[in-house]
Amino acid sequence: MTAANIVSQAWCHVSIILGLTGNCFVLYSTIHHRAIKLDKLSVWIIQNLAVADLANTVLILIPVIISLYAESEWVLGDTFCMVMFIYKYVGCVANVILINALALNKTLRCLFPLRILNSSRAQHVFVSVFTVLGALILPIWSYYGACVQKFLLVEYSPSQCMCWSVFAPDAESWHHTVGYFLAGILNGLPCLALCVMNTFLVGYALKKSNTTVNKMNIVIVVMVTLSFLLPMLPYFVYYMVSGDSWATHNDTVRFVTFIMFISSWANPPIYFLTNKSFRLFTTKLVRRNHVTNLSDSRVVMTVRKNQMKHSETRVDVRFGAAPCSNTKLNERF
């Protein structure tokens, strides 16, 4: 096993543990305890982001670490290779749409602070349905190209440790054009919109927002955006710059690919740092579990001491030396 595989396995283990525990905790705390004090639509978007990151951890990171244990070979079959290839686009586009919705919701609340923007269940359903439909456009086209028209080839990339697609040698020029157009529309334009809205939010927070709570809510949106865009940026830049030599630089390709895993677990720490109610809930939960463990250990120690005293009394009685009071001793002598 090479040093690169050892480091890759360690990084995947950390990402899987943080991705599963962090996002499950966000769902638990927001659904059962309403720990994140934001407007209902923002909390709903945060919950959808946690679900998308959980699916990304299960469908992307776990197969990656399995292939690493198999010495960078794909052992899960062609069907799951297609599932992994399709979900890569679903998870990426879903995150882009949801973060845009989060930023747009906060932007509208900053522009119209006196307007009632209470969210309804219909708005929640619309956000989720629009996210699913928007995230499925590029995967459906990719599946059509790979399985119907055969102008896309889905194969395993040892450098990325995951399945990806390449254009077939006999693919026509319009196939390339449509593919790049969809990728640019579904990824490039929303990312550009994110940059514009976050620039506005930062300016609003610095100049017009007078409350600390409002500023911290804007900080949440900005940091969530950066936690998604920054890990993705090296991958797309390197892909565009390297061109046809993309697959020849194994170590660099693996590095820029594995950096993207940060986006699967970065959001829960951001909520902890920027949302006071979520931070208080987490610290109280940890302290309560710590006190419970201490009390349990004290109870166990008390029971053991009582058992030891009881056993000593039984030994004294067995040898005719039962304990008696001083009064009885004086009467006896």
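Q: Okay, what is the secondary structure of the protein, overall?
A: The predicted model comes to 10 helices and 2 strands, and along the sequence these elements follow the pattern α-α-α-α-β-β-α-α-α-α-α-α.

Q: And how many of the residues count as buried?
A: Of the 333 residues, 42% count as buried. The accessible surface comes to about 19,400 Å², and 67% of that surface belongs to carbon and sulfur atoms.

Q: What about contacts between residues that are apart in sequence?
A: Taking the contacts between residues at least 6 apart in sequence, 75% of them join residues at least 24 apart.

Q: Before I get attached to details, what is the mean pLDDT?
A: The mean pLDDT of the protein is 79, and 79% of the residues reach 70 or more. Among the elements, helix 8 (residues 267-274) has the highest mean, at 93, while helix 10 (residues 326-332) has the lowest, at 41.

Q: Where does pLDDT stay under 50, then?
A: That is the case over residues 321-333, for which the model has 4 contacts beyond four places in sequence. Where pLDDT is low, the predicted coordinates should not be read in detail.

Q: Switching to cysteines: how many disulfides are there?
A: The count comes to 1 disulfide, and it joins cysteine 81 to cysteine 163, with an S to S distance of 2.0 Å. The pair links distant parts of the chain, since cysteine 81 sits in helix 3 (residues 77-111) and cysteine 163 in strand 2 (residues 162-167), 82 residues apart.

Q: Is that disulfide left-handed or right-handed, and why?
A: The torsion about the S-S bond of cysteine 81 and cysteine 163 is about -125°, and therefore the disulfide is left-handed.

Q: Are its two cysteines buried or exposed?
A: Cysteine 81 counts as buried because its relative accessibility is 7%, under the 20% cut-off, and cysteine 163 also counts as buried, at 0%.

Q: How exposed is cysteine 24?
A: Cysteine 24 is partly exposed, with a relative accessible area of 42%.

Q: New topic: how many salt bridges does the structure hold?
A: The structure holds 1 salt bridge, formed by arginine 109 with aspartate 39, whose closest N and O atoms are 3.5 Å apart. Arginine 109 lies in helix 3 and aspartate 39 in the loop between helix 1 (3-32) and helix 2, so the pair ties together parts that are 70 residues apart in sequence.

Q: Which side of that pair is buried?
A: Aspartate 39 is buried, with a relative accessible area of 18%, whereas arginine 109 counts as partly exposed, at 22%.

Q: Which residues form the nonpolar patch on the surface?
A: The patch is formed by Leu104, Leu108, Leu111, Phe112 and Phe200, which together have about 410 Å² of accessible area. Helix 3 gives the largest share of the patch, 3 residues. Phenylalanine 112 lies in the loop between helix 3 and helix 4 (121-147), and at 38% relative accessibility it counts as partly exposed.

Q: Last one, what does asparagine 48 touch?
A: Leaving aside residues up to four places away in sequence, asparagine 48 touches Leu98 and Ser128. Asparagine 48 itself is placed in helix 2 (residues 40-69), and it counts as buried, with 18% relative accessibility.

Terms used: Residues are numbered from 1 along each chain as its sequence is written. This is a predicted model: local features need pLDDT of at least 70, side-chain atom pairs count only at pLDDT 80 or more; totals for chains, interfaces and linings use all residues. Side-chain values use heavy atoms; hydrogens and water are left out. A disulfide is a pair of cysteine sulfur atoms within 2.5 Å. Helices (H or I, at least four residues) and strands (E, at least two) are DSSP runs, numbered from the N terminus. Buried means under 20% relative accessible area, exposed over 50%, partly exposed in between (1.4 Å probe, protein chains only). pLDDT is the predictor's confidence in each residue, from 0 to 100. Contact means heavy atoms within 4.5 Å. Patches are made of residues with over 30% relative accessible area and no salt bridge: like charges are joined within 9 Å, nonpolar side chains (Val, Leu, Ile, Met, Phe, Trp, Tyr) within 5 Å. Accessible areas come from the Shrake-Rupley method with a 1.4 Å probe; for residues, only the protein chains shown count as cover. A salt bridge is a side-chain nitrogen of Lys or Arg within 4 Å of a carboxyl oxygen of Asp or Glu.
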